[in-house]
Amino acid sequence: MAKKHWPKNLGKLHQDKTGLYKHREWRGVKDTAYDYYRWLITWKDMIKMVMKAPVSTVEGLWNYRWMASYLSAPAFIDRHTEGLRGTHLRIAHLHFDLLIKHTTDIINLSFTADEHFHPGNKKSKKIVCMDELVSTELAAGFPNLTFVPIQTIPIFLASMVDQQITPPYLDITESYGVPADVCPLPSAEAGVAINDDYPMFGTCFISCNMPCDGSIMNSSYLDRRFNLPTYVLNVPLRYNGEDVQEYALEEVKGCIKFIEEQTGEKFDWDSYFSAMKRYNTELEYELQKWDINKTDYPQMTGATFWLYRLYYFHLSGGLDDRFLKCDKKVNKLMMKGYEKKEQISKEMRHRAIVWSCPANYYTSLANWLENCWGVNVVMDMETMISYIMYDTEDQDKSLSVYAKTLQRTTMRKHTKGGYQNVVDELWRIVDEFNADMVIMYDQISCKGMDGLNGIFDDQARERNVSFIWVQQDLMDPRTISRRDMREQINKYMTTVLQEEPVDPTLVDFDDTMAW
């Protein structure tokens with residue numbers, strides 16, 4: 001990569017406050033052409049979604065506040081590919097391309113099956129609604145049904161694409177009488193229910209007790225909103241011991257029986273095992289990414305790593321062959337870049353681990369870290385969720401793996417289960433990935449990590465690891481803005497480490513009105 005093509009003065013690329021591009025980023029002829037080509041592909045996929053069901057899509061746009069946020073998806077991708085070159089740029093775009101394609105499929109299904117617009121339609125009766133933290137592997141056993149995580153599209157993913165979409169729903173919940181100091185994730189999801197902004201479909205609902213008390217209480221809002229037969233899939237809290245696994249397996253079997261009773265469909269073991277073989281292959285590719293990132297030449301840094309992992313873990317479940325095809329392409333590019341010892345950023349000063357739950361309204365913080373300070377995030381907590389291979393022959397053994405997978409899902413694996421999962425696991429990852437820095441998110445509305453601040457600080461000093469606390473409010477940028485988050489890091493880098501930025505134009509800028 002010619003040095004003249006590395007990014008510089010990226011802070012001058014955006015308009016003040018709105019963050020809109022003044023012009024496309026210049027990456028050299030080849031990379032600029034590729035980036036623009038992928039930008040056009042994104043718009044093509046979005047237009048294709050509209051053309052499949054134009055009337056339903058327009059009805060969704062006019063009836064649901066959150067739908068307009070997805071019009072900013074190209075800008076969302078731009079934020080996560082800023083400064084990228086060569087192999088790193090191509091890997092990121094391949095991942096985002098599939099995320100867009102799969103998301104538009106879910107949106108299309110949601111609107112065409114929505115009984116607000118199409119009362120009594122057949123598609124609705126073939127949908128099983130589920131909580132967004134319930135992994136979709138069970139759906140492989142019901143090939144004639146579609147499983148839809150009801151919160152993902154209206155609020156969880158929308159809040160990543162557009163930081164402005166969550167505050168109205170938080171205000172709605174608070175005006176309903178819920179205190180303002182609860183976790184903004186379940187609060188925002190409850191706001192969508194109160195405002196009747198969930199598409200209406202489904203024959204039954206799979207709820208769960210994850211990841212925390214706030215989410216459990218939010219289930220009551222969702223239950224009243226959908227008014228469907230509901231099964232609560234309870235997951236053990238202290239999950240490291242084998243003594244709870246028999247109970248966990250029975251919960252899964254009960255869930256399967258419930259779906260069979262409500263839908264009239266029988267669990268298809270052949271279909272299920274076939275999908276789990278695909279899931280295992282996808283997981284093998286995932287673990288190869290981790291192994292490469294442990295070396296001196298990581299090929300996947302920034303935020304794309306965990307965003308793609310989070311998405312396919314919850315929404316693919318081995319069902320969609322497109323994810324496996326994407327993984328094959330990415331793996332080929334990754335190994336080629338590694339063999340060439342390709343440098344993935346302008347300057348890699350620090351290898352960082354990101355721990356605790358990231359802010360939905362600032363998923364691209366890792367890209368800013370890389371471009372501004374030369375801090376490359378080689379691993380994060382949300383990537384290292386369950387990585388247990390499925391048994392593809394024995395029924396009970398396979399369902400036991402599914403039960404263990406649920407116990408190690410997003411926002412839960414490293415925040416529940418005891419000291420070993422929360423603290424000891426971090427230092428194991430720091431050692432394995434040869435990291436010299438930890439970015440620790442301090443979610444101010446979450447009480448789960450209270451009392452551990454001093455322990456983390458003391459152990460970081462013992463290991464001579466730079467430890468940066470970054471306060472955030474998960475889904476409410478009004479409390480702690482993106483700019484506030486960056487300033488906490490700026491102060492540490494300049495006062496504690498006494499370093500100069502790689503790109504001074506990125507140190508301070510106002511993006512309060514940006515998507």
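This is a predicted model: local features need pLDDT of at least 70, side-chain atom pairs count only at pLDDT 80 or more; totals for chains, interfaces and linings use all residues.
View 1. Leaving aside its neighbours within four places in sequence, Pro143 is in contact with Asp268 and Ser271. Pro143 and Phe267 are 124 residues apart in sequence, and their C-alpha atoms are 8.7 Å apart in space.

**View 2. An open, parallel sheet of 4 strands.** The strands of this sheet follow the order β6-β5-β7-β8, and their pairing is parallel. At the edges stand β6 (375-380) and β8 (466-472), each of which pairs on one side only. Neighbouring strands are turned against each other by 30° on average, direction ignored. Strand β5 (residues 350-355) is joined to β6 by 5 bridges, and His350 stands opposite Val375 in β6. Helix α18 (residues 482-496) packs on the sheet, where it touches β5, β6, β7 (437-443) and β8, and the direction of α18 makes about 160° with that of β8.

**View 3. Helix α13, with buried residues along one face.** Helix α13 (residues 321-339) has 19 residues and reaches 27 Å from its first C-alpha to its last, which is close to the 27 Å expected at 1.5 Å a residue. The buried residues of α13 are Phe323, Leu324, Cys326, Asp327, Val330, Asn331, Met334 and Gly337. Seen down the axis of α13, these buried residues fall within an arc of 150°, so they line one face of the helix. An α-helix has 3.6 residues a turn, so residues three or four places apart point the same way. On the other side of α13, Lys329, Lys332 and Glu339 are exposed, whereas the buried residues are covered by elements including α4 (86-112), α11 (269-293) and α12 (304-315). After α13 comes Lys341, whose phi is positive, near 55°.

**View 4. Helix α14, largely enclosed by the rest of the structure.** In helix α14 (residues 365-373), 9 of the 9 residues are buried, so the helix is largely enclosed by the rest of the structure. Among these buried residues are Trp368 and Trp373, together with Asn367, Glu370 and Asn371. The elements that the buried residues of α14 pack against are α3 (73-81), α4, β6, β7 and α18. Following α14 is Gly374, which has a positive phi, near 70°.

How values were computed:
Residues are numbered from 1 along each chain as its sequence is written. Side-chain values use heavy atoms; hydrogens and water are left out. Two strands pair if DSSP finds at least two bridges between them. Helices (H or I, at least four residues) and strands (E, at least two) are DSSP runs, numbered from the N terminus. Axes are lines fitted to C-alpha atoms, for helices over the stretch in contact, and angles run from 0 to 180 degrees between N-to-C directions. Contact means heavy atoms within 4.5 Å. The expected span of a helix is 1.5 Å times one less than its number of residues. Buried means under 20% relative accessible area, exposed over 50%, partly exposed in between (1.4 Å probe, protein chains only). The arc is that of the directions from the helix axis to the C-beta atoms.
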